Structure formats: C-alpha cells, structure tokens
Amino acid sequence: MIRIQEILDKAAASNPSADLELVQRAYVFAAAAHKGQTRLSGEAYLSHPLAVANSLAEMGFDEPTIAAGLLHDTVEDTKATLEEIDDKFGEEVADIVDGVTKISMIPFDTKEEAQAENIRKMILAMSNDMRVLMVKLADRLHNMNTLSFQKVHKQRRIAQETMDIYAPLANRLGLHGLKRELEDLSFKYLKPDVFNQIEHWLDQHQVVEKHIIDKVVALIRGLLDDNGIQGQVYGRIKHIYSIYKKMQSQSLTLDEMHDIMAFRVLVEDIKDCYAVLGLVHSQWHPVHGRFKDYISMPKANGYQSLHTTIIGPEKERIEIQIRTMQMHRQAEHGVAAHWLYKEKGRVNPRDLEQFSWLREIFERQSEESDSREFLHSLKMDLFKDEVYVYTPAGDVKELPEGATPLDFAFQIHSKVGQHCSGAKVNGRLMPLGTELKNGDIVEIITDPSRNPNRDWLKMVKTARARSRIQHYIRTEERAHAMALGREMLEKEGRKVSLNVSKAVKNGQLAIVAQDLSYESVNDLVAAVGYSHLTPRRVLNRLYAVLHPDEVAPLAAPPKEPKEGKEAKGDASRKGDGVGISGVDGVLMRFAKCCNPVTGDAIIGYISRGMGISVHRTDCANVANMEPERLISVQWDGAKEEPHEARIFIIAENVHGVLADVTRVVAKDKVNITTLNMDNTVDHRARVHMTVEVQNSTQLYALIEAIRVLPNIHEVVRETEDTA
C-alpha cells in the first residue's frame, strides 16, 4: 500500500508552498471512515483512495484535488456526509467530492442507461470544476489496475467503458501517459489473447530493441552537441495498444512491424525545435507524409510538438517528437499544467481557449434529452483525428478527419450551418458532403430559406453538427405531428359529432391528456400525430368526460363506402387503398425510395411526426429501420388509383430507340410523368422514366414489353439503391 508520506513528498515537489496539512487531515479522516472495509482483492479499502491521491500528486495537481482524491468515496461508502466534508475541509474540497460521488442510488431501467447518465453527470460536474474529472480518471486508473479481482463479465464491461470514454478523455485533456496506461489495461481485458501475444513478442525482441534505442539516442545527442544545441533525448517502445492499432490499420503481422520505437528530443526554445528537425532530416531519410507541425498549429488540448518519422540507422522506421521543455510539461501534465502555478487552483474550463471542445459538450448536453444519445455524441467528439481548415479570413478551424463543409458551417455558427446552401473549397463550388483536407480554405454560402433535412445527417462527422440538425428536425417533426394529430382528431370527431376544438377551449381535452398521462394537450395531440395514440382512444375518453353518466363507450363511426368518398387512410390522399391491422384514422404516405404500387408486398413504418410511410417489403431501407416501429399494412381492396413507379433502361444509343419505348408505353395506356436520358462512354443510353400505373401487374407487364424490344439491354424497376 502507498504511504501518505510519498504523496506529501510529491505534492511538495510540485509546489513547495503546498498546504500539506490539508492533505494530512484528509488522510486521517479517510483512514477512520474506511476502517474495517476491504476491497475484492482483500486489501484494506484505504489502499484505493491512497492510490488515487498518489496519481493526482504525480500529475501535479493542487492540495484540494489530492485531498478530494483521498475523500472521494467517503460520502457514498461510509457514514460521512457532504456537510461534514464541507465543514472539515472547506467548500472547494466538498464540491470536488460531490462531483465525483456516484449516482448508484438513482434507479435506471437498464445498465446502459445508468452508464450514460453517470457519464452525463460527470460531464456536468466538469462544467463547474474540471478537477472532478481528474479524480475520476485517477479513480478509474486504480480500478483498472485491480480489475482482475472482478468477475469476467464486469471486467469486459468496465474495460470497454474505459476504452470508449475515459482513455479518450485523458487524451483530449493532454494526459498522454495516463491515456496510454488506460488503453493498455483495457486492451488486456478486451482482447487478452492478442495482448499476451504482443507482450510476449516484445519480450523476445527487447534486447535488439534496446540496442537500437541506445544507438539512436547516442546519434541524436551527438547531432545536438556538434551543433551547440542544449537538449535531452529519450527513447522508448510504443505501448501495446498502439502497436495493435497499427497492425490493424495497416494489416500487418507482428513480424512485419517495424515502427514500434519512439524518440523524444527536448530543447530550450522553438527555433531549436526546427533546427533539430533539419539536422534529423539531413542525417536520415524522412518518410513522406509523416511530418506534423503541432507547434504552429497546436491540438485542441494545447499540445505542441514536431512529429516526424525517419528511416533510422538500422533501416527501421522511427518516430521522433521534438518540443521545448515547456511544451513537454504541457504534454505530460495536460490540463494539470494550468493548476501548477495558480494560487487557489480552481480553473473553469470556460476560461481556457484550448478546451473549447469541452464548452461545446457542456452546451450540447442541455439539448440532449436522452442520456444515451448524449453518450453517443460524446464518443463522436472523443474519437477523432484532426484536420485543420481555414476560413476566407485566415482563421483556423479544427475538425475531425472526414469532416465536410457542412460540419465546417456548424463550427462557425449554428445559424450558418442551419441555412447552409453551398460551399466553396479552395475557390471552387463543391458538394456539401465533400471530405475536407488539411489546409483547405472553405467559404460557406447561406440561404435564409434553406433548412436542415435528414440527408444532412449522412454528411456530417461532428457531434455538434449532428446535434444541431437533429434538434431542428425534432422541433419540426413535433410541430408537424401536432398539426397532423389535431387534423386527425377533428376529422374523426366530426364523424361522431364531437367538437374537438371546443373541447380544447373548454379544458375537457386537458382532462383527457391528464387521464392518459400526458403533461399537456399539445403532448397528447402530438402523440396522435406520431401514431402513439389512435384518435379513437382519445375520443372515447373525451366522450366519457363530456358524458360522465353514460357507461357505454363511444360507438365506432359507420364505415364509409369504398366508392365515392375517400377510403381508410384517406387523409394523406396518396395513401388510398391501404389499411393497417387494428388501427384506423392514421395518415399514410408512400415512400419515395421504393414507390410501392397496388399489388406489391408492403410494410408500414411509423415515422416521427409524418404518420406511417409505406414501403415495399423488399425495400433496401427496411433492413435499417427500427423493428419496433414496423407495422403490418395491406391493400384494403379500395378502388385502385394510379401510383408512380420508376423504370430504368439501358439501351443501344441508336436512332429511334426512345421512340420504340414510348410507343410501347402509350399502347399500354400508361402515362409518363418524367423521362431523362443520358449517354455512357461506351455509346449506350441510360433512360430514367417515371410512369403512372394502376397496379404491380400492369407495371411488370410494361417492363416485359419493353425488354423484348430491339436494342434494349436491360430493364428494371428502379429504386434508390438501383438508381
């Protein structure tokens, strides 16, 4: 077990004027509170808070943070109270402990929901004081070091959460050493066989690797001495998880791995960094495309360094990092560097420009009602390599690799993103889904009439853009659902002589909403529009409110004749002739992706705020839909109405071929609504044609009639995935 004196010595080394008495008192309190408690390993429980405090002291954090590390489990796992912590150690320590305290007493439906809400609470606590996260990271590090005492299923769950959330957070905060430890420990439990294989391979090659490291270190030191540059040189083997990632990304075996050594050169100032880079490149051949200048363009967490890869003296690929001593302190301590020279230590992340990505997370979490959706967005923010692009004015914007002009637009401002209608990349108009590269200059074109749509979600890579687009779509869908729900209720109400508008004004529908567990009439009406409630159920309850003395439920409205007035599903007009098993009065529309026609095998999908969309059962999009929102639908035998269908034709580009096609269509008494033709490089014609047919029998008869024409190579029914 770590001794308290070791922690005090490390705290004093970081800050000679540190309040060590505060740390000592926290230790005494924690020892008394946890007396008699043990961990799964059999060790005294006190070993855990001591390990957490020791990690914080090693990272250079202030005394209140170290004290909070010693006390972080006392409120949850002992009889100690937060008020007692506040009284004995002050508000600053109490606030950190409060932020770290778990939320295990809050009930959740699933473990996934509990995990998501726990992470969300941690992010919220960080918005007040980022030291909360530092204690959580130190807490997680010791838990990972003692994970072998947990059951196997818990090992995997905790390791996956660490790999998904805590290691990336450590990386984004500049705590690179901690990030490497968490990754290797997680990898050990997630892929134990691979971990052991790589570890064994490294053990077998350690003699050769040490020889190369010593040789390269000596050569670089010689370069520095010969050119009068003061500096230090270090070499190491890359950590196991980074070796595994390189194997995966480059499809290499262990014996093919030649890029596992990394060297670090620390010098006095920036000009020496570039001087060393020039000396290294003049001595050894640099690998093309592997140079990164994080000095002139720092990472989001403030990290600065020059990175280059060379072919070393043993013909091995070697990575070299070159930075100043100050940059190295930032790289080693990350966010902790901002506490080293502060009087009180409390630094709000909103005050730190390099942590602007954290501010965006804080802002976005308030917009995400679903904790699991927020967790998904958080992961998008954490797992990314950066590209740097410029505004026309020369301002640099950092975006994740693969980001598009649409991401860039939302990065500038939410309004710019919302009304984005086009983009120029390096002076040329480019599609909004274009992948941006380092150094691109991007200009956004806006149009006040342009607004987000679901297709935009396929183009964006940033959580910020995705969150803003989803927020807009949800808002629009709710407004549409309310209009849809009101229309459905009023229409069904007229059939049974119930005035829904009057019931809203008189407050009777509010009673129905409360009775059905909805907070407001608007929520109730939206639920009808979303197809969560049928109009019949709402009207039955309304009838009971209006006629409390009548026990009998509201009678079903008489069926409408199939001829004359619109049949079931009529409100969408395009949905005529389609019925839903056990449900009526719901708006329907035909999906444009597959254009079902009467006679096709069909299925319904309950879309938020848009009623039910009807797809062909073989539509490619159905496989990607949420199964619980699929619903059985069928053609109900109503009078057949014309439906649009698309046909794709490949033909020889010869005189008269299009005339032959249109002649067959006219003979079948089918109307053509659109027709487009273009030519291919091999002198063939591609024809995209939309026709109106009564049913699938007529459609496929037309396709067969076209197929037998001369000069026709292929005729198919066209959908989005065949277009």
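Visitor: Is α3 mostly covered or mostly open?

Guide: Mostly covered: in this predicted model, 11 of the 12 residues of α3 are buried. Among them are Ser47, His48, Pro49, Asn54 and Leu56.

Visitor: What covers the buried residues of α3?

Guide: The cover includes α1 (4-14), α2 (20-33), α4 (63-71) and α9 (131-145).

Visitor: Why should α3 span 16 Å?

Guide: Helix α3 takes in residues 47-58, and its 12 residues at 1.5 Å a residue should span 16 Å. The C-alpha atoms at its ends are 16 Å apart, so the model agrees with that.

Visitor: And which glycine follows α3?

Guide: That's Gly60, with a positive phi near 90°.

Visitor: Switching topic, how many residues are in the largest nonpolar core?

Guide: There are 94, and Leu56 of α3 is one of those with the most contacts inside the core, as are Leu71, Val93, Leu137, Ile198, Val265 and Ile320. Helix α12 (residues 192-226) gives the most to this core, with 11 residues.

Visitor: Which residues does Val93 contact, beyond its sequence neighbours?

Guide: Leaving out those within four places, Val93 is in contact with Leu22, Pro64, Ala67, Ala68, Leu71 and Ile85.

Visitor: Last one: what's the mean pLDDT of the chain?

Guide: The mean is 81, and 81% of the residues reach 70 or more. Over residues 103-110, though, pLDDT is below 50, and this stretch has nine contacts in the model beyond near neighbours in sequence. Residues 552-576 also stay under 50, with 45 contacts beyond four places in sequence. Where pLDDT is low, predicted coordinates should not be read in detail.

Note on methods:
Residues numbered from 1 in each chain as written. Predicted model: local features only at pLDDT ≥ 70, side-chain atom pairs only at ≥ 80, totals over all residues. Heavy atoms only, no water. Helix = DSSP H or I, 4+ residues; strand = E, 2+ residues; numbered from the N terminus. Expected span 1.5 Å × (residues − 1). Buried < 20%, exposed > 50% of the residue type's maximum accessible area, 1.4 Å probe, protein only. Contact = heavy atoms within 4.5 Å. Core = buried A, V, L, I, M, F, W, Y, C linked by side-chain atoms within 4.5 Å. pLDDT = per-residue confidence, 0-100.
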